[in-house]
Amino acid sequence: MTATPDTYRGALEAVERILNRGGDADDVLRQVVEVLHDRCDHYSWVGIYLVEDGDLVLGPWKGPQATEHVRIPIGQGICGAAAATGRTEVVDDVNADPRYLACFPSTRSEIVVPIAYEGRVVGEIDIDSDVPAAFTHDDNAFLERVATLISAHCLVGWDTGGFPWGTAE
């Protein structure tokens, strides 16, 4: 069920095309989420959280349903741990990790990749899979590259002047 090298290469090229076309941060991040979700079959839910006032605030996402975790304090759960340390978290079995904040009964594994800009975590990519131990070294390397590419686009959402992500004018 894991992706092939061609899958990652094609998805990375699609992300680079999105970034080269430009556009506002909201559109760019939404398109990147769609590429990640649609190109990698083992990614059942994909979201980008943005750092705001010491919390992770859910930005664009794609999956079968919304998560109730739209605001997560940094340091809480797997997402909060990744934001606090600046290191990617891979959980092969979410049911065995006490930090896991349950979202969907079908989720079996999770990867959370911090998005850093100039040494500061400004967001993260959060991906759930319905497959146990779904994430490999290739997923890790691919998603860390995507996080680097989109980091500057996460700054706009980072300071929205108090407006929910995607609604600031």
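Let me start with a term: a residue is buried when its relative accessible area is under 20%. By that cut-off, 49% of the 169 residues of this protein are buried. Keep in mind that this is a predicted model.

Now the fold. We have five helices and six strands. From the N terminus, the order is α-α-β-β-β-α-β-β-β-α-α. The C-alpha atoms fill a box of roughly 40 × 35 × 30 Å along the principal axes. The radius of gyration is 15 Å, which agrees with the value near 15 Å for a compact globule of 169 residues. Take the contacts between residues at least 6 apart in sequence: 53% of them join residues at least 24 apart.

On to charges. There are 12 positive and 28 negative ones, and their mean positions lie 4 Å apart. The whole structure holds seven salt bridges. Two places deserve a look.

First place: R71 and E52. Their side chains form a salt bridge, N to O at 3.6 Å. R71 sits in strand β3, E52 in strand β1, 19 residues apart. R71 is partly exposed, at 40% relative accessibility. E52 is at 15%, so E52 counts as buried. D55 joins in as well: E52, D55 and R71 make up a salt-bridge network.

R99 bridges to E89, with the closest N and O atoms 3.0 Å apart. R99 is in the loop between β4 and β5 and E89 is in β4, so the pair ties together parts ten residues apart in sequence. R99 also meets D97 in a salt bridge, at 2.8 Å. Which of these residues are buried? E89 is, with a relative accessible area of 15%. D97 is too, at 15%. R99 is partly exposed, at 32%.

Key: Residues numbered from 1 in each chain as written. Predicted model: local features only at pLDDT ≥ 70, side-chain atom pairs only at ≥ 80, totals over all residues. Heavy atoms only, no water. Helix = DSSP H or I, 4+ residues; strand = E, 2+ residues; numbered from the N terminus. Rg over C-alpha atoms; globule rule 2.2 N^0.38 Å. Buried < 20%, exposed > 50% of the residue type's maximum accessible area, 1.4 Å probe, protein only. Contact = heavy atoms within 4.5 Å. Lys, Arg positive; Asp, Glu negative; His and termini not counted. Charge placed at Lys NZ, Arg CZ, Asp CG, Glu CD. Salt bridge = Lys/Arg side-chain N within 4 Å of Asp/Glu carboxyl O.
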